[in-house]
Amino acid sequence: MNSGQVHSGLVIVDKPQGWTSHDVVGRMRRLAGTRKVGHAGTLDPMATGVLVVGINRATRLLTYIVGTPKTYTATIRLGQSTITDDAEGDVTASTPAGSIPADAIRAAVTGLTGEISQVPSSVSAIKVNGQRAYNRVRSGEDVVLQARPVTVHSFDITDIRRQDGGAIQDLDVTVRCSSGTYIRALARDLGAALGVGGHLTALRRTEVGPYTLDQAATLEELAQDLRVLGIDEAARALFPVRELTASEAQDLSHGRRIRHDAAGDTASSGYGLRPVAAFAPTGELIALLEQRGEEAKPALVFAPGEAAS
C-alpha cells in the first residue's frame with residue numbers, strides 16, 4: 001500500500017529507541033494521511049519493539065488490545081539503583097553485586113513471578129491528581145504510587161554477565177506479563193530483594209497479544225511500504241470468531257440483536273474473556289458481539305461500506 005491512501009487497520013511498528021509512543025503516532029498520521037490514529041499501550045522512549053497502531057476504524061479495536069498480555073526481552077543491572085529505575089536516570093546508590101550467586105538471583109526472580117503486588121515506578125505515566133507522575137518527579141516532588149496487582153506469567157533468565165570488574169551483574173531476561181506490569185519496577189524490586197539495587201538498561205517488547213515482532217516494521221520501512229494489517233485479519237487474531245448468515249449480518253449492520261450462538265457470544269480467546277468477532281459470509285467484520293441472555297448484542301458495529309474515516 002502507498003502512503004497516499006487512507007486505510008483502516010493495524011500497523012505493527014518496531015518502535016525505535018528515543019521516540020515516544022506519541023512521536024510514532026504523529027509519524028503514522030503523516031504516512032497514513034489521517035489524524036484518526038492511536039496506539040495500544042505506551043512504550044518508554046528508551047524501549048524498542050512492538051507498538052500496535054490503529055488507523056481509522058481499527059482504532060476501535062485498541063481498547064481490547066491494551067489489556068492483552070505482553071512479552072519483553074530486557075537487561076537488568078544488579079548493583080546500581082537509579083532515580084528512574086532505568087538507565088536514563090542518575091545513579092542514586094551503588095552496592096557491589098558480584099558475589100551474589102546465580103541460585104540466589106534465580107530464587108529472587110521466582111519471588112517476582114506469578115500474581116504479585118507491584119508499586120509502579122515513580123516516573124511512570126500514571127496520573128496523580130490529574131498530573132503525570134513523571135512530571136511531578138521532575139518538578140522535585142517525592143512521588144510514591146500505590147501498589148497494584150499484576151501477573152508475571154513467566155520471568156526467565158537467559159544470561160548472567162559480570163561487569164565493572166565483577167562489581168555489577170547484568171541479567172538478560174524474558175518476561176511475559178499482564179497489562180500494567182512495569183519491567184523497570186521488576187528490575188528495581190529484584191535488586192531490592194537481593195540487597196544491592198537494580199535498574200533496567202535495555203527493554204524490547206516482542207509481543208502484544210497475538211501481534212509479534214515478526215510482523216513489525218520500522219518507521220523507515222513503513223515510509224517506503226505502509227504495511228497495514230486489515231481490520232478483518234486483525235480481529236480474527238484477537239477475538240473468538242462467529243461466522244454469520246447473510247440475514248444475521250444484515251441485522252447486526254443495523255445494530256439489531258441476533259440469537260445467541262450455542263458456543264457463546266462472549267468467550268475466552270486465550271487473552272481472557274473477549275467479545276466475539278462476527279463475520280459476514282463475504283469475510284468482512286460486521287460487529288463485536290456480547291451475550292445478553294438469549295441474544296447476542298453488537299457492542300461495536302463495523303458495517304460493510306462504512307466510511308473509513
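**Exercise 1. The chain as a whole**

Among contacts in the protein chain between residues at least 6 apart in sequence, what percentage join residues at least 24 apart? State also the secondary structure and the burial of the chain.

*Solution.* The model is predicted, so local features need pLDDT of at least 70 and side-chain atom pairs count only at pLDDT 80 or more, while totals for chains, interfaces and linings use all residues. Residues are numbered from 1 along each chain as its sequence is written, and side-chain values use heavy atoms, with hydrogens and water left out.

Step 1. A contact means heavy atoms within 4.5 Å. Of the contacts between residues at least 6 apart in sequence, 70% join residues at least 24 apart.

Step 2. The protein chain has eight helices and 20 strands. Helices (H or I, at least four residues) and strands (E, at least two) are DSSP runs, numbered from the N terminus.

Step 3. Of the 309 residues, 49% count as buried. Buried means under 20% relative accessible area, exposed over 50% and partly exposed in between (1.4 Å probe, protein chains only).

**Exercise 2. The surroundings of D14**

Determine whether D14 is buried or exposed, and identify the partner of its side chain in a polar contact.

*Solution.* Step 1. D14 is found in strand β1 (residues 9-15). D14 counts as buried because its relative accessibility is 16%.

Step 2. The side chains of D14 and R204 make a polar contact at 2.8 Å. Such a contact is a pair of N or O atoms within 3.5 Å; within protein, one must be able to donate a hydrogen and the other to accept it, and residues adjacent in sequence count only if both atoms are side-chain atoms.

Step 3. Leaving out residues up to four places away in sequence, D14 touches G49, R204, L213, A216, A217 and T218.

**Exercise 3. Aromatic rings**

Describe the geometry of the aromatic pair formed by Y64 and F239, and locate the charge that sits over the ring of F302.

*Solution.* Step 1. The structure holds one aromatic pair. Y64 and F239 are arranged edge-to-face, 5.3 Å centre to centre with 80° between the planes. Rings of Phe, Tyr and Trp (its six-membered ring) pair if their centres lie within 6.5 Å; planes under 30 degrees apart count as stacked, over 60 as edge-to-face and the rest as tilted.

Step 2. The pair links distant parts of the chain, 175 residues apart: Y64 lies in helix α2 (residues 62-66), and F239 in the loop between α7 (231-238) and β15 (241-243). Y64 is buried at 16% relative accessible area, and F239 is buried at 4%.

Step 3. The charged end of R60 sits over the ring of F302, 4.8 Å from its centre. R236 lies over the face of F279, at 3.9 Å from the ring centre. The criterion is NZ of Lys or CZ of Arg within 6 Å of the ring centre and within 35 degrees of the ring normal.

**Exercise 4. Nonpolar cores**

Which residues touch the most other members of the largest nonpolar core?

*Solution.* Step 1. A nonpolar core is a set of buried Ala, Val, Leu, Ile, Met, Phe, Trp, Tyr and Cys residues joined through side-chain atoms within 4.5 Å.

Step 2. The largest core has 30 residues, of which I76, L78, F155, I183 and L190 touch the most other members. Among the elements that each supply at least two residues are β4 (70-78) and α5 (183-194). Helix α5 gives the most, with five residues.

Step 3. Beyond its neighbours within four places in sequence, I183 is in contact with Y72, A74, V175, C177, L200 and L203. A second, separate core of 25 residues includes L61, A234, L300 and F302.
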